[in-house]
Amino acid sequence: PRVRFGEPYLCAALALGRLGRLEEAEDALERYVSANSSSVEGHVRLALLRSQTRDKDGAKKALAEALDTWRQIPPYQRRRQLRWWFRAQLARFAI
């Protein structure tokens, strides 16, 4: 689980999502977020996945966690994850 801060879980979640196995993809993303709690990408992907499964409350919670994470990470990580902050802002209107 700590290999590259949970990166294998992210890859597994992306693959499972493409296969339509959304419950397993959600589990993999939750594991990724627990291993890499400073990833805005993980929280945004989890919010988008939960909105696909019609879990609006869970999606809003994951999106709020993404924006809270953004506020807490250092500036050098903000530059790397700026794209995911924009996606979180757009997802606020879609969810």
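The following dialogue works through the reading of one predicted model.

Me: On what basis are the values in this structure reported?

Reply: The model is predicted: local features need pLDDT of at least 70, side-chain atom pairs count only at pLDDT 80 or more, and totals for chains, interfaces and linings use all residues. Residues are numbered from 1 along each chain as its sequence is written, and side-chain values use heavy atoms, with hydrogens and water left out.

Me: How many helices and strands does the protein chain have?

Reply: Helices (H or I, at least four residues) and strands (E, at least two) are DSSP runs, numbered from the N terminus. By this reading the protein chain has six helices and zero strands, and the order of its elements from the N terminus is α-α-α-α-α-α. The radius of gyration of the protein chain is 12 Å, close to the 12 Å from the globule rule for 95 residues, so the chain is as compact as a globular protein of that length. That radius is taken over C-alpha atoms, and the globule rule is 2.2 Å times the number of residues to the power 0.38. The C-alpha trace spans about 35 × 35 × 15 Å along its principal axes.

Me: What share of the residues of the protein chain counts as buried?

Reply: Buried means under 20% relative accessible area, exposed over 50%, and partly exposed in between (1.4 Å probe, protein chains only). Of the 95 residues of the protein chain, 41% count as buried. Contact means heavy atoms within 4.5 Å. Among contacts between residues at least 6 apart in sequence, 51% join residues at least 24 apart.

Me: Is Glu-41 buried or exposed?

Reply: Glu-41, in helix H3, counts as buried at 18% relative accessibility. With neighbours within four places in sequence left aside, Glu-41 is in contact with Leu-10, Gln-81 and Trp-84. For another glutamate, consider Glu-30 in helix H2, which counts as partly exposed at 33% relative accessibility. With the same exclusion of neighbours within four places, Glu-30 is in contact with Leu-46 and Arg-50.

Me: Which helices do the buried residues of H4 pack against?

Reply: Helix H4 covers residues 56-72 and reaches 24 Å from its first C-alpha to its last, close to the 24 Å expected. Its buried residues, including Leu-63, Leu-67 and Trp-70, pack against helix H3 (40-52), helix H5 (75-80) and helix H6 (82-94). The loop between H3 and H4 holds Arg-54, which is exposed, with a relative accessible area of 70%. Phi of Arg-54 is near 65°, a positive value in a residue other than glycine.

Me: Which residues have the most contacts inside the largest nonpolar core?

Reply: In soluble globular proteins, nonpolar side chains tend to be buried together. A nonpolar core is a set of buried Ala, Val, Leu, Ile, Met, Phe, Trp, Tyr and Cys residues joined through side-chain atoms within 4.5 Å. Here the largest one has 24 residues, and those with the most contacts inside it are Leu-29, Val-40, Val-44, Ala-47, Leu-63, Ala-88 and Ile-95. Two or more residues each come from helix H1 (7-19), helix H2 (22-35), H3, H4 and H6. The largest share, six residues, comes from H4. Ala-88 touches Val-44, Leu-63 and Leu-67, not counting residues up to four places away in sequence.

Me: How many aromatic pairs does a search of the whole structure find?

Reply: A pair of aromatic rings is described by the distance of the centres and the angle of the planes. Rings of Phe, Tyr and Trp (its six-membered ring) pair if their centres lie within 6.5 Å; planes under 30 degrees apart count as stacked, over 60 as edge-to-face and the rest as tilted. The search finds two aromatic pairs. The rings of Trp-85 and Phe-86 have centres 5.2 Å apart and planes at 65°, so this pair is edge-to-face. Ring pairs link Trp-70, Trp-85 and Phe-86 into a cluster. Trp-85 is partly exposed at 24% relative accessible area, and Phe-86 is partly exposed at 47%.

Key: The expected span of a helix is 1.5 Å times one less than its number of residues.
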